[in-house]
Amino acid sequence: MKTLPEILRKIDALPEETARVNALAVMPEPYPRALRLFLQHAMNPDIKHRDIFKNIKYDRCRDDNPGALLHEAKRLYLFEQGKAPNLSDAKLKTIFEQILSTLIPDDAEFLLSVMQKNFPFKNIDRKVVRRAFPGLV
């Protein structure tokens, strides 16, 4: 199974914008649901994250769990402002560091960049995402 960052790297390298749009729009299962969540969190200005993503420490990444990132996508809502008011910033930071420790290094770096609103694939910008998924961002 290829990781989402591997697939996005290939899409990002496509020379034509239309090719990138089409590749995103027809991505096979199990990737589309998680991809949409990651794109929303990285690019939607209406989604604001709690300020816990500085000085994140995760020493332990796994090398044997390439599908974990897709599974963890459903927990992104926890880190939005106002979505988990009963969880302190310290607790959320611990949860996030635990999530990172279950991922392979490439996936962990990708997730951290998404949550910092710094999408790492420059040729997959808002314009491309809007064309591939109208109304998403």
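Contact between residues means that heavy atoms lie within 4.5 Å. Helices in this text are DSSP runs of H or I with at least four residues, strands are runs of E with at least two, and both are numbered from the N terminus. The structure is a predicted model, in which local features need pLDDT of at least 70 and side-chain atom pairs count only at pLDDT 80 or more, while totals for chains, interfaces and linings use all residues. Residues are numbered from 1 along each chain as its sequence is written, and side-chain values use heavy atoms, with hydrogens and water left out.

The chain contains 7 helices and 0 strands, and its pattern along the sequence reads α-α-α-α-α-α-α. Its C-alpha atoms fill a box of roughly 45 × 35 × 25 Å along the principal axes. The radius of gyration is taken over C-alpha atoms, and the globule rule is 2.2 Å times the number of residues to the power 0.38. For 137 residues a compact globule would have a value near 14 Å, and the chain agrees with this at 15 Å. Of the contacts with a separation of 6 or more, 80% join residues 24 or more positions apart.

Burial is described by relative accessible area: buried means under 20%, exposed over 50%, and partly exposed in between, with a 1.4 Å probe and protein chains only. Buried residues account for 46% of the 137 residues in the chain. In soluble globular proteins, nonpolar side chains tend to be buried together. A nonpolar core is a set of buried Ala, Val, Leu, Ile, Met, Phe, Trp, Tyr and Cys residues joined through side-chain atoms within 4.5 Å. The largest such core here has 47 residues, and those touching the most other members are L4, L8, L24, F38, F79, L111 and F119. At least two residues of this core come from each of α1, α2 (17-25), α3, α4 (68-72), α5 (89-101), α6 and α7 (126-132). The largest share, 7 residues, is supplied by α3.

The packing of α3 can be followed next. Axes are lines fitted to C-alpha atoms, for helices over the stretch in contact, and angles run from 0 to 180 degrees between N-to-C directions. Helix α1 (residues 4-12) packs with helix α3 (residues 31-43) at an angle of about 75°, their axes being 12 Å apart. Angles under 35 degrees count as roughly parallel, over 145 as roughly antiparallel, 65 to 115 as roughly perpendicular and the rest as oblique; α1 and α3 are therefore roughly perpendicular. L4, I7 and L8 of α1 meet Y31, L35 and F38 of α3.

The angle between α3 and helix α6 (residues 105-115) is about 45°, with axes 7 Å apart, which makes α3 oblique to α6. Here F38, H41 and A42 of α3 contact F110, L111, V114 and M115 of α6.

Why is α6 largely enclosed by the rest of the structure? The reason is that 8 of its 11 residues are buried. Among them are D107, F110 and S113, and the buried residues of α6 pack against α1, α3, α4 and α5. After α6 comes K117, whose phi is positive, near 60°.

N86, by contrast, lies in the loop between α4 and α5 and is exposed, with a relative accessible area of 79%. Its C-alpha atom is separated by 28 Å from that of F119, 33 residues apart along the chain.
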